[in-house]
Amino acid sequence: MPDLAYVNGEIMPIEKAVVPIEDRGYQFGDGVYEFVASYEGRPFMLEEHLDRLERSMRELALDPVPRADIKKAVLDLFTLSGYPRAGLYIQIARGVAPRNHAITPGMTPQIIMTIRPVQEMPAEKREKGATAITVKDTRWGRCDIKTVQLLSNSLAKQKSLDAGCDDAIFVSGQGIVREGTSSNLFIVSGGRLTTHPLTDNILPGITRMVVLNLCKAADLVVEESFFGIEALLGADEVFLTGTVTELLPIVRIDDKSIGNGEVGPITRRLYDLLREQAMAGGPA
Ligand code: PDD
């Protein structure tokens, strides 16, 4: 099977899929999305991703779409693609109407999906760790909604690659460390973990939630609280979490080594626990 797309009920090869030019997702970034990955053909944490998608739609007051329809299309795509390790994007835009900042009433949400094999992180990055730069968080004020407005994320990611690093970490104007360009962030200091609390400033990551639960099950102390750049650079271990990222060690930030510059034991342990849970298809 080729990489597939779904457009409003129809499945086709990705290169055949198009959207109308007056789609508000395209013109105004007026849409939301999700990314779900499978392990051995089974989508991981699908219900949690669908919950977040529904929440994102409610927050933007998009017209509701039956969850059962979305779920069926998602499962059909995972089955039809036949990829054991696939990544599926769901994108729902408000609808198509003559261009107008004001929202035309009665639009039908436009639902598109794409499925491809997951681009796995090189094994070396997991073994030796990845690197990051910090960047000012210039995103809009509702980062908790998974909207398609990803320009700041995309420019920050490119800036990190141009600097020879792997990712960028958003830091607020007041110096609070937020998250990565497509991942949440944890620090480990003196055996204790800290991650940003759930506010409007970060995405409530599904992997973040899985890792918090894994920490609790493994009796690791974890706190959801704000921390600054000194705590980040002075941490023993730093890692990112996300559906694509899984759990990625960061060993150098802005030319400063984190801890001893090697992947730390807590990061390794949590990565193994996360993989175990994902391969098992979910929590025990
Ligand atoms: N992004 N923070 C941001 C800004 C993200 O875009 C993502 C995920 C996460 C992690 O969320 P989760 O654990 O639910 O994947 C945190 C997806 C993978 C993407 O944009 O492709």
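Visitor: Which residue in β15 does arginine 252 stand opposite?

Guide: Serine 257 in β15 stands opposite arginine 252. Before going on, a caution: this is a predicted model, where local features need pLDDT of at least 70 and side-chain atom pairs count only at pLDDT 80 or more, while totals for chains, interfaces and linings use all residues. Residues are numbered from 1 along each chain as its sequence is written, and side-chain values use heavy atoms, leaving out hydrogens and water.

Visitor: How many bridges pair β14 with β15?

Guide: Strands of a sheet pair through backbone hydrogen bonds, parallel or antiparallel. Strands here are DSSP runs (E, at least two residues; helices are H or I, at least four), numbered from the N terminus, and two of them pair if DSSP finds at least two bridges between them. β14 and β15 (residues 256–257) pair in the antiparallel sense over 2 bridges. Their hairpin has 2 residues between the strands, and aspartate 254 there takes a positive phi near 50°.

Visitor: What other strands does β14 have bridges to?

Guide: β13 (residues 237–242) runs antiparallel to β14, joined by 5 bridges, with valine 238 partnered by isoleucine 250. Those two strands also make a hairpin, with 3 residues between them. β7 (residues 130–136) runs parallel to β14 through 3 bridges, and there threonine 131 has arginine 252 as its bridge partner.

Visitor: Is β14 mostly covered or mostly open?

Guide: Buried means under 20% relative accessible area, exposed over 50%, and partly exposed in between (1.4 Å probe, protein chains only). β14 (residues 246–253) is mostly covered, with 7 of its 8 residues buried.

Visitor: What does arginine 178 touch, then?

Guide: Contact means heavy atoms within 4.5 Å. Leaving aside residues up to four places away in sequence, arginine 178 touches Asp137, Arg139, Phe170, Ser172, His196, Asn201, Ile202 and Phe226.
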